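Visitor: I am new to reading protein models. Could you walk me through this one, feature by feature?

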Amino acid sequence: MAKGEQPVRDDAWISYIGEGFADRSLPASEFSHQAHWAAVIWLLAGHNPAWVAQEMPGMIRAFNEAHGGVNSDSEGYHETITLASIAAAAHQMAQMPGADNSEVLAAIFSAEFGDPNWLLRHWRRETLFAPSARRYWVAPDLVPLPFGVFHPLAKVA
C-alpha cells in the first residue's frame, strides 16, 4: 500500500468513487491512486475493455477540467498510463471471475500495481513522461508488461 493510502474499501466505496468520477461530482482531493484503480474497476465491471479504453480518456479529461485542471503535454490526461492501467485491471479481473470489485482492488494492491511507481519498472521515466506518451500509446522500453495491452483505439506515436 502506498504511503497515505487507505486500506482497500468495500464495493460501496468503489461504486461511490466510480459514480463520482463518471459524473465528475467526486471531489478531486478524493481521487487518490487507489481511487483511480477503483474507477477503472467500476467501469470494467459494467463495460467491456474496448468501451472503457474508448470512453475513459474523455472521462478523465472532463474530470480534470471540471476540477480546474488542464490536460496538456505536462499534466492531466496521460494515454500510456491510462491504457496500461486499464489493461492491468482487465487482466486482474479476468484472473478472478466472479470476484467482487473490492476483491479485485485488494488483489491489485497486493500486486505490483499498488505501488504508484509500478510503471517505472516497465518504462524509463524520460519515456513515460514525454509528451508523446501523454498523447499516444508508447510501448514499454524496459520490461514488457506481463499481459497484453488492450488499445484498439490508441494512437501510436
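Guide: Gladly! Let us begin with a helix pair: helix 4 passes helix 5 in a right-handed crossing. A crossing is right-handed if the near helix is turned clockwise from the far one by less than a right angle, and left-handed if anticlockwise. Helices (H or I, at least four residues) and strands (E, at least two) are DSSP runs, numbered from the N terminus.

Guide: Before we go on, this is a predicted model, where local features need pLDDT of at least 70 and side-chain atom pairs count only at pLDDT 80 or more, while totals for chains, interfaces and linings use all residues. Residues are numbered from 1 along each chain as its sequence is written, and side-chain values use heavy atoms, with hydrogens and water left out.

Visitor: At roughly what angle do the axes of helix 4 and helix 5 cross?

Guide: Two packed helices are described by the angle between their axes and the distance between the axes. Here the axes of helix 4 (residues 79–94) and helix 5 (residues 101–110) cross at roughly 115° and come within 10 Å. Axes are lines fitted to C-alpha atoms, for helices over the stretch in contact, with angles from 0 to 180 degrees between N-to-C directions. Helix 4 brings Ala89, Gln92 and Met93 to the contact, and helix 5 brings Asn101, Val104, Ala107 and Ile108; contact means heavy atoms within 4.5 Å. By class, this contact has five nonpolar, two polar and no charged residues. Ala, Val, Leu, Ile, Met, Phe, Trp, Tyr, Cys and Pro count as nonpolar, Asp, Glu, Lys and Arg as charged, and the others, Gly among them, as polar.

Visitor: How many residues of helix 5 are buried?

Guide: Buried means under 20% relative accessible area, exposed over 50%, and partly exposed in between (1.4 Å probe, protein chains only). In helix 5, seven of its 10 residues are buried, among them Leu105 and Phe109. Their cover includes helix 1, helix 2 and helix 4.

Visitor: Is methionine 59 buried or exposed?

Guide: Methionine 59 counts as buried, because its relative accessibility is 16%. This residue is found in helix 3. Beyond its neighbours within four places in sequence, methionine 59 is in contact with Phe21, Ala22 and Leu43.
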